[in-house]
Amino acid sequence: MKWFVDLATRTKLFLSFGLMIVFMLVVIAVAYLGLTAVHRSQESLFQDDFLPSIELLKLRSSQNRAHAQLLEMMMTRDRARQQELERDIVTRTREVDEGLKLVAASLQGRPRELQKFDELVAALADYRRVRDQQIALIYEDKSLEAQNLDATVQDKMYNRVRTLAVDLGNSAIVQAKERVAAENARAKRLSQTFIGISILVFALSVVVALYLSRIIAQPLREITIAADRIASGDLEVAIRGNDRQDEVGSLTKTFATMVRYLQEMAAISRHIAVGDLTVTVKPVSDRDVLGNAFVDMTGYLREMAAVAKQISEGDLTVPVKPESDRDILRNAFASMLTIRRRITKDLSDGINVLASSASEILASTTQIAAGMSETAASVTETTATVEQIKQTALLSSKKSRGVSENAQNSAQVAEQGKATVSETIDGINHIKELMETVAESVVMLSEQTQAIGEIITVVTDLAQQSNLLAVNAAIEASKAGEHGKGFAVVAQEIKSLADQSKQATEQVRKILGDIQKATGRSVLAAEQVSKAVEGGVKQTAESGESIRKLAESIGEAAQAAEQIAVSSQQQLAGMEQVAIAMENIKQATHQNVLGTKQAEQAAHTLNDLGQKLQEMVSRTKI
Amino acid sequence: MGTGRFDWDEIHRKIDAVGVAIDSGYAPTEIERRRILQRRAAQLAHEEEKEAVADTLEVVEFLLAHEHYGIESHHIREVYPLHDYTPLPGVPAFVLGLINVRGRILSVVDLKKFFDLPARGISDLNKVIIIGNETMEFGILADAILGVQAIAVSAIGPPPPTLTGIREEFLHGVTGERLVILDAARILADGKIMVHQDI
């Protein structure tokens, strides 16, 4: 059966169901054949056994009736009635004959019954012969004889016929019964066969179904149970391996591989959980998400472990870069490093300060001790110096008074300078006004030249009119003929004068133009002078301001000198008090020397402590 | 203020001199006076020469579009400045308008229109030459009057052959100095200048 198991599941199902369909077809064929046989035997039973007996019954009934009619014929005297009865008898006789034919046909092939039938036919022929005699007697009105014949012969004949028919009918019924029994037995046999085959097919089908279930459903169920357990987190499942080649086989194998993979991963997880980071994870493929994630995770943890190790060795320079805000471990490490670095640095700084301070304090106390004795000597010197200062203060008081007087003199000179400057400004302003007057005068002259120009226009006009007048005079003179000759000369003179006047006016006009240009230049010059004067005013004002400031400064200097004189006096008084204070200082110095010795010892101790702390901190790298 | 360079006394002196000159009227310099006298002498001498010529023609010389024209003076009543002329509607283009000369109303004719000379703007400087005979009297527009001249008849030549039409009709002749002498008698008699039109 190995080959069947290795078939594809689809093929398996197809083959199984095909087999069942074949079984069903066999059952149906058997059932059909049985039914057909039963049907055929039923038909033959009816044809061969029931039909003759029925015909015999009909035959007997017709015979009885015919006999009854014959008896009635004997009884009645009415001829018409007798004839009617006779026709009936003939009819019945024909019916009987037809029945006999049918019976004969159905009794073919059965010799015993045929023999009996021949006897019946012979008896019936005897009966009919006697009956014909009786009918003839009736028609001859010998009814009594007919009745006697009946009583003697015919009755026996009739009974014999009836007996024979009954026998024949009975034998037919007996035979039919036998046949029915045979058919029943056969039908029973057939149904038993059918039931047997059905049971067989059913059993086979059950076997096939069970087998299919065993080879397909069973492994799947096992895998499902295993998957359920894996889903609930239990990886301790055992998958029975098999060497099947179908889908179930490959599913089982793949599932087993998966379980193995998960178990490996679980084992690695357990290792990691107990802190063992030496495990190596090999991803099955590039798309092995879990494997790659484990590789990343172990790498990450190893990196963190290395960082932690470095930190524990005191190296705080190791770099930690968080991948994102959610990288809690790296963020924690980074912040831890930052905080530790800061603390260490602060500590180091503090210790350094402490150490250096301690050594400084030591040095200082040593110096102070030395300084104290020097101080004592200095105090004595200071006392002498104070006396000298006193003399100096006296001298400076006198000098500052002299300075103050000088400064007051200077202030007066500065006031004079200020007045001079203001006079200068007035003078310059006067110049400016004069220049403006000059400019106005020049402009006025220019305007007057314009008036002259207008006058000249009038003169020109006059000259023209004179010219015209001269021409008219000449014309008149020519009209006067010889007497007008003298007048013509005069007219010519007048014309000449007019021409000259015209030329003169032209010249005047030209000169006026020149004057106009000169005027413009003068105004321009005056304007420039005016501007220059303004500049002068400004500069003078500035020098005035400078002088004023100078005067102020000198005044302040005089005041300061006065104050210096007063201060010097106070200084003198202060120096006396200083001398007394110096004596007190001398005594205090002695006590200081003692205190300093003790401080020196304490500083030694502090210095040693600072050195030790520095050594400790220097072991940490930042 | 540069007093060393600028001589105020000189300035005052000059101004005084100018003031005296203005007060005493115009005094030409010696050279100028001599020049004027010489010019007059030359003019007088020239007149003498012309007087010697027997047959002369007295003409009034005037300008029309930079050309010199002359009209015999005995046809001329007078010359008059063109003031306040009145344009006249419905007359030919050569009639400039009407003027009032001491109560007489005269028409003014622009000869430039006849002679196809370039027109100029009319101003107060324009003059009118009034010509007339017993029947007619009207003004001729002139750009400027140059004066009265006596011209020898022998100096007048025939008009150049290039002149035709109306110009030729009105011409008397041309002198050597390109002075065109107009024949005033013919102008006065010509029907073209008369305006006789019913409107």
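Start with contacts in chain A. Two residues are in contact if their C-beta atoms, placed from the backbone, lie within 7 Å. Take the chain A contacts with a separation of 6 or more: 79% of them join residues 24 or more positions apart.

Keep in mind that this is a predicted model, where local features need pLDDT of at least 70, side-chain atom pairs count only at pLDDT 80 or more, and totals for chains, interfaces and linings use all residues. Residues are numbered from 1 along each chain as its sequence is written, while chains are lettered from A and ligands numbered from 1 in the order in which they are written.

What is chain A built from? It has nine helices and zero strands. Both kinds of element are DSSP runs, numbered from the N terminus: helices are H or I with at least four residues, strands are E with at least two.

How much of chain A is buried? Buried residues make up 11% of its 622 residues. Buried means 20 or more other C-beta atoms within 10 Å of the residue's own; exposed means 12 or fewer; partly exposed is in between; the C-beta atoms are placed from the backbone.

One example is Arg160(A), in helix α5 (residues 143-231) of chain A. Arg160(A) counts as partly exposed because it has 17 C-beta neighbours inside 10 Å. Its C-alpha atom is 9.8 Å from that of Glu119(A), 41 residues apart along the chain.

Now helix α9(A), residues 485-618. It has 134 residues, yet its end C-alpha atoms are only 147 Å apart. A straight helix would reach 200 Å at 1.5 Å a residue. That expected span is 1.5 Å times one less than the number of residues. The buried residues of α9(A) include Ala488(A), Lys495(A), Thr540(A) and Gly610(A). What do the buried residues of α9(A) pack against? They pack against α8 (328-480) of chain A, together with β8 (144-152) of chain B.

That brings us to the contact between the chains. It takes 11 residues from chain B and eight from chain A. On the chain B side, β1 (56-64), β3 (76-81) and β8 each give two or more residues. β3(B) gives the most, with four. By type, the chain B side divides into six nonpolar, three polar and two charged. Nonpolar here covers Ala, Val, Leu, Ile, Met, Phe, Trp, Tyr, Cys and Pro; charged covers Asp, Glu, Lys and Arg; the others, Gly among them, are polar.

Next, the cores. A nonpolar core is a set of buried Ala, Val, Leu, Ile, Met, Phe, Trp, Tyr and Cys residues joined through C-beta atoms within 7 Å. The largest has 38 residues, and Ala474(A), Val60(B) and Ile129(B) have the most contacts inside it. Its largest share, six residues, comes from α8(A). Among the residues that Val60(B) touches are Val471(A), Ile475(A) and Ile129(B).

Last, strand β6(B). Five of its six residues are buried. β6(B) runs antiparallel to β3(B), with five bridges between them. Strands pair if DSSP finds at least two bridges between them. Ile76(B) stands opposite Ile131(B) in β6(B). On to β7(B), residues 137-142: β6(B) pairs with it in the antiparallel sense over six bridges. A hairpin of four residues joins β6(B) to β7(B).

And confidence? pLDDT is the predictor's confidence in each residue, from 0 to 100. Chain B has a mean of 80. Its highest value is in β6(B), at 90. For the complex, the predictor gives an ipTM of 0.74 and a pTM of 0.38.

Note on methods
Lists of a residue's contacts leave out its neighbours within four places in sequence.
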